[in-house]
Amino acid sequence: RPQATNREYLALVRRFDRLHPVMSKLTDTFERVWYGEAAVDRGAYDAFESMHREASGIVSATPSPAATK
């Protein structure tokens, strides 16, 4: 979905109970920094990176829809 917005992508992961809250935080942080031009210090960067690793781990541990059929 190359034309989808960040919030549309976020809506797509709503059905994944563990992933959605992490993606919501990542999306909020991204939008605040990218669009709101909020400053990022080392602590904020490290927190974002940690959330990204958490989201990646959840995705890796989630079976694909094709695998569950």
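A residue is called buried here when its relative accessible area is under 20%, exposed when over 50%, and partly exposed in between (1.4 Å probe, protein chains only). On that scale, the buried residues of α2 are L19, H20, V22, L26, T27, T29 and E31. This is a predicted model, so local features need pLDDT of at least 70 and side-chain atom pairs count only at pLDDT 80 or more, while totals for chains, interfaces and linings use all residues. Residues are numbered from 1 along each chain as its sequence is written, and side-chain values use heavy atoms, with hydrogens and water left out.

**Overall layout**

- The chain has three helices and zero strands, where helices (H or I, at least four residues) and strands (E, at least two) are DSSP runs numbered from the N terminus.
- Reading along the sequence gives α-α-α.
- The C-alpha trace spans about 45 × 25 × 20 Å along its principal axes.
- Of the chain's 69 residues, 19% count as buried.
- Take the contacts (heavy atoms within 4.5 Å) between residues at least 6 apart in sequence: 46% of them join residues at least 24 apart.

- Cover for the buried residues of α2 includes α1 (6-12) and α3.
- The axes of α2 (residues 19-34) and α3 (residues 42-61) come within 10 Å and cross at roughly 145°. Those axes are lines fitted to C-alpha atoms, for helices over the stretch in contact, with angles running from 0 to 180 degrees between N-to-C directions.
- The crossing of α2 past α3 is left-handed, meaning that the near helix is turned anticlockwise from the far one by less than a right angle (clockwise would be right-handed).
- On the α2 side, the contact is made by L19, V22, M23, K25, L26, T29 and F30, and α3 brings F48, M51, H52, E54, A55, I58 and V59.
- Sorted by type, the residues of this contact are ten nonpolar, two polar and two charged. Ala, Val, Leu, Ile, Met, Phe, Trp, Tyr, Cys and Pro count as nonpolar, Asp, Glu, Lys and Arg as charged, and the others, Gly among them, as polar.

**Salt bridges**

- Side chains of opposite charge can pair when their charged atoms come close.
- The rule used asks for a side-chain nitrogen of Lys or Arg within 4 Å of a carboxyl oxygen of Asp or Glu, and the count by this rule comes to four.
- R7 pairs with D28, the closest N and O atoms being 2.7 Å apart. Since R7 lies in helix α1 and D28 in helix α2, the pair ties together parts that are 21 residues apart in sequence.
- R7 is partly exposed at 39% relative accessibility, and D28 is partly exposed too, at 33%.
- R7 also forms a salt bridge with E31, again with closest N and O atoms 2.7 Å apart. This pair links distant parts of the chain, with R7 in α1 and E31 in α2, 24 residues apart.
- D46 counts as partly exposed at 33%, whereas R42 is exposed at 58%.
- Shared partners join the salt bridges of R7, D28 and E31 into one network.

**The loop between α1 and α2**

- F16 lies in this loop and is partly exposed at 28% relative accessibility.
- The C-alpha atoms of F16 and T62 are 9.1 Å apart, although the two residues are 46 residues apart along the chain.
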